[in-house]
Every structure is written in structure tokens, then in C-alpha cells.
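Here are my notes for someone opening this one for the first time. Have the viewer ready and follow the points in order.

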Amino acid sequence: MLKNKSTHLSKEQQIQLGSYYTPKILVNKVAEFIEPYTNNSKRNIIIFDNASGCGAFMDIINNLDFRFADYDKKACAFLRKKLDNKKIFCSNSLVDVDREK
């Protein structure tokens, strides 16, 4: 199982950037909420986290298809070390929204 490593920024840098790291309790609630959908083998499920940071949701993707995006280049580099490079996007996913991004 992969572990979330939100240590690439100091506490001061996190505050300056307005960074938010999803607490484990919230990750678990999301996992609980989406479980009926992700356990349905008849569906083609893709998990998308458009502000993935250091991957708090990596632990719940298991064998699911996923896409992670973040604007923070250091967070993207961390994710690329742990996950499929082609599924990590270093961009602001809320600007110039385009299905081809």
C-alpha cells in the first residue's frame, strides 16, 4: 500500500500556498461513499483527483483506473515516482478546462 507523503513542503510553505492535505478520516469517508460504485465490475470506473497533492487518495485506488492532477510540480514529481507517469498531470486542472488535457 502506498503512503501519503505531504512532507515536500514545510508548514510555512503550506500556509503560504494555501495548501490543504486531506485528513485520513476524510479519505476513508470518501472510500466508503464510492465503494458501491467501485465494486460494480460492470462499470468502467476512473477515479480523478484534480488537486491530488501528495496522493492522499492513493491508498483507495487499489486496482482502479485513475488520473491525478496538481499544479505543484514537487507533488507531481512525488506522484510520478509512485504511480503511472501517464496518469499524472501537472497542470491547473481548473483553468482552460478541456477534455483533451
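1. How many helices and strands does the secondary structure of the chain come to? There are four helices and three strands, and along the sequence they follow the pattern α-α-β-α-β-α-β. Keep in mind that you're looking at a predicted model. The chain has 101 residues, and 30% of them count as buried.

2. Next, the inside. The largest nonpolar core holds 18 residues, and the ones touching the most other members are Phe66, Phe68, Leu79, Leu83 and Ile88. Helix 2, helix 3 (58-61), strand 2 (65-70) and helix 4 (73-82) each put in at least two residues. Helix 4 gives the largest share, with four. As background, nonpolar side chains in soluble globular proteins tend to be buried together.

3. Then the aromatics. A search of the whole structure turns up two aromatic pairs. In one of them, Phe33 and Tyr37, the ring centres are 6.5 Å apart and the planes sit at 50°, so this pair is tilted. Both residues belong to helix 2 (residues 24-38), and because they are four residues apart there, about one helical turn separates them. Phe33 is exposed, at 62% relative accessible area, while Tyr37 is partly exposed at 41%.

4. The other pair is Phe66 with Phe68, with ring centres 5.3 Å apart and planes at 45°, so it counts as tilted too. You've met both already, among the residues that touch the most other members of the core.

5. Stay with Phe66 for a moment. Lys87 lies over the face of its ring, at 5.2 Å from the ring centre. Lys87 also meets Asp65 in a salt bridge, 2.7 Å from N to O.

6. Which other residue does Asp65 form a salt bridge with? The partner is Arg67, with the closest N and O atoms 2.6 Å apart. Asp65 is partly exposed at 23%, and so is Arg67 at 25%. Through shared partners, the salt bridges join Asp65, Arg67 and Lys87 into one network.

7. Glu32 is exposed, with a relative accessible area of 52%.

8. Together with Tyr20 and Ile25, Leu26 makes a nonpolar surface patch of about 360 Å². Asn28 is found in helix 2 too and is partly exposed, with a relative accessible area of 38%. Asn28 and Phe57 are 29 residues apart in sequence, but their C-alpha atoms are 8.9 Å apart in space.

Note on methods
Residues are numbered from 1 along each chain as its sequence is written. This is a predicted model: local features need pLDDT of at least 70, side-chain atom pairs count only at pLDDT 80 or more; totals for chains, interfaces and linings use all residues. Side-chain values use heavy atoms; hydrogens and water are left out. Rings of Phe, Tyr and Trp (its six-membered ring) pair if their centres lie within 6.5 Å; planes under 30 degrees apart count as stacked, over 60 as edge-to-face and the rest as tilted. Buried means under 20% relative accessible area, exposed over 50%, partly exposed in between (1.4 Å probe, protein chains only). A charge sits over a ring if NZ of Lys or CZ of Arg is within 6 Å of the ring centre and within 35 degrees of the ring normal. A nonpolar core is a set of buried Ala, Val, Leu, Ile, Met, Phe, Trp, Tyr and Cys residues joined through side-chain atoms within 4.5 Å. Patches are made of residues with over 30% relative accessible area and no salt bridge: like charges are joined within 9 Å, nonpolar side chains (Val, Leu, Ile, Met, Phe, Trp, Tyr) within 5 Å. Accessible areas come from the Shrake-Rupley method with a 1.4 Å probe; for residues, only the protein chains shown count as cover. A salt bridge is a side-chain nitrogen of Lys or Arg within 4 Å of a carboxyl oxygen of Asp or Glu.
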